[in-house]
Amino acid sequence: MKTFLKKTAGIVLAMGIVGSMAACSSNSNGEKQSEKGGSGETIKLNLWDQSVGNTDPSAKLLPEIIKKWNSEHPDIQIERTGTTGEQYKTKIKTAIAANEAPDVFYGMGGGSFMQPYIQSGNVLEITNYVTDDIKTKLAPGMLKAIETDGKIYTLPVYTHIANLYVNTELFDKAGAQIPTNYSELLAAVEKLKAAGITPALMGEKDRWPGMYWYDIVAMRQAGNDAVIEAFKDPSKWDSPDFVAAATKMQELAKAGAFNSSMFSMSYDEMLGAFNAGNGAMMFQANWVNAGIEDPSTATKGKVKVIPFPIFEDGKGSAAELFGGGVDGFYVSSSTKHPKEAAEFLAYLSEQLGTKGFLAGAGLPSWNIDGLDTSSLSTLDQSAADIMITATSFITWWDNILPAESAETHKNLIAQLLASDITPEEFCKQMAKLKPTELTL
Amino acid sequence: MNSVFSNKTALSIFVLPTLIIFCTIVMIPIFVSSYYSLLDWNGIGKGTFIGLENYVEMFTDSRALKSMQNSLLFAGASIFIQLPISLLLALILASTVKWEGFYRTVYFIPVLISTVVIAQLWSKIYNADYGLLNTLLKSVGLSSWAQDWLGQKDTALVSSFIPTLWQYIGYHMLLMYAGAKSISQDIFEAAKIDGASRIRTAFSITIPLMKPILKVCLVFSMIGALKVFDLIYVLTGGGPFFSTEVPSTLMYTTIFDTYRYGYGSALSVFIILECLVFTVIINKFIKTD
């Protein structure tokens, strides 16, 4: 009996190994055959993006655009892989570091996210592929925005700006006025609180929603020019203007402007709560428009988008906007078909940029003169109207600051909101950040 | 066939595939990480060799020290809270209660559910605005106790420990239950004839005879606590203000948010060494024959 068991065990083990080897080898044979088979000349390009959300209009547009391209270009076939936001960042970083990047991929644009990869040569320079024809189709100023030291690595899709979203129904209920300046903002907070309404929602668990608040407060207080100076020379963060900004930020938090659960609320939960009418204000970029306008939300039609209130003692104007960074797709330098990939990049960027604008995904960075904009939602239209008034843009600060400083910046703001540190201490710590590596 | 099993060459050939796979996906990365941990490197391009500076920073940085302290606290909680509960449940189940199979299955269910699902579930329980816990407290008149469990420094750590402890109680219970069940019934019968009480039987017979499996549970629970990541990451992400940070979440943020592969690798090497040291200590102090 024992020998029989041993024999069977031995045979099973041996067969297992043979089986797995056979499985491996037949697999690789199969792959080779399929590569050689087919039409022989077909070029396959991989595309990675981060548009998969239910309320993300790009998630619906991308497959349509790719399908159209694939049917028009039988010899250049695109294969798309979509991954959601934070996971996408990790995935693309790992792939680039391992030299396994897809041919074309989405890169969080206009800042520190792509900068290291451009410097290390992992991203293909496409200056030569950008024809004059493409250049004329771009919206004014966009060509300059995508250049890095005179070279082009990406084409813009659309852009985003952050504004204050106010739930007019809740404001009316509380008898509060929609704020245009800081004292009105404080007054509105008091009225809303008295009516038992959460004045503003902040998903500070993810830390960047709080950063948006501080950043716009600092820009209103010190003005965009002073902020840009401070990016270049961090010692300027420790100056009266920024101390005043941090004081105002802490004052708002102490006045109970934000939900008491902010430190455990994520960005997604914040959106959910705002869309359910659980808070009267939210400071976010126009990518939240589609979600607010969704027929299933309690807030549809009741939300207005306004420029962030100006400060009576501040140097910033309402036309100095937070946002305007250019998000776009990049071509990997390891691609085997640079020309085709660049061609597809141009097609994709323009199609997604114009169609996405109409679908409410973002503000346009391509020429939209001939487009019928009547289908735009009111929120998108007002955001576009605000953007036209802009005199200057500063994009998300965590994209401008070097990665490590961006983390510190966000952590400091969380501490400021919790009154863990004083505004003076906050500014002293900010002054220790590294200067930006970007040309602003 | 017998000759095949006594033939060293044949044995080596059979073991080889597993060995190769083990080396390529476990051993080599560990050595590569150890090398990275000596670099100042952003993950792309070339790194500069800085010797042990990353390790020096690790043991002087208050954030890293706090994360180690948290993981040790967590390991302590696993051993002194989780394992006794598992043992108690296992002993009760093994002493042939009614519906044994039903209870066994129910206690084991949390182990089968993905940790991310569990974390989402508990974050809804803890939710400050509509969470089950706060609603419950309010409904019994304890609304002053209701709070933002995961959003405050002093409650976040304990609140994030509880789901992990709860999740793996069933796992250790099942291991211990199997250990208790495999003890020969003859011994229990003899004890019964001698007039030993149930508690006496448990302490003098069942637990001593379960020693090998208890040691396994101890090692698993200790290591599991030291390298915990997923649940903390989803529940709090290490926040608020690093109060729930453990070495693995710190490693993740260091590598993927601040691009410090060298320092992150040093943290990962620390986690491996920490687990190894504790395994050796446990094996040394609890001897089984």
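# Exercises on a two-chain predicted model

In this structure, 27 residues of chain A are in contact with 24 residues of chain B, two residues being in contact if their C-beta atoms, placed from the backbone, lie within 7 Å. The model is predicted: local features need pLDDT of at least 70 and side-chain atom pairs count only at pLDDT 80 or more, while totals for chains, interfaces and linings use all residues. Residues are numbered from 1 along each chain as its sequence is written, and chains are lettered from A and ligands numbered from 1 in the order in which they are written.

**Exercise 1.** Describe the side of chain A that touches chain B.

*Solution.* Begin with the helices (DSSP runs of H or I, at least four residues, numbered from the N terminus). Helices H1 (2-36), H3 (85-97), H4 (115-119) and H17 (403-417) of chain A each supply at least two residues to this side. The most come from H1(A), with six residues. Next, sort the residues by type: eleven are nonpolar, nine polar and seven charged. Here Ala, Val, Leu, Ile, Met, Phe, Trp, Tyr, Cys and Pro count as nonpolar, Asp, Glu, Lys and Arg as charged, and the others, Gly among them, as polar.

**Exercise 2.** Identify the largest nonpolar core and its contributors.

*Solution.* A nonpolar core is a set of buried Ala, Val, Leu, Ile, Met, Phe, Trp, Tyr and Cys residues joined through C-beta atoms within 7 Å. A residue is buried if 20 or more other C-beta atoms lie within 10 Å of its own, exposed if 12 or fewer, and partly exposed in between, with C-beta atoms placed from the backbone. The largest core has 115 residues, and those with the most contacts inside it are Val104(A), Tyr165(A), Ile216(A), Phe242(A) and Leu345(A). Helix H9 (residues 208-222) of chain A gives the most to this core, nine residues. Both domain 1 and domain 2 of chain A contribute at least three residues each.

Technical notes: Domains from an automatic or database assignment.
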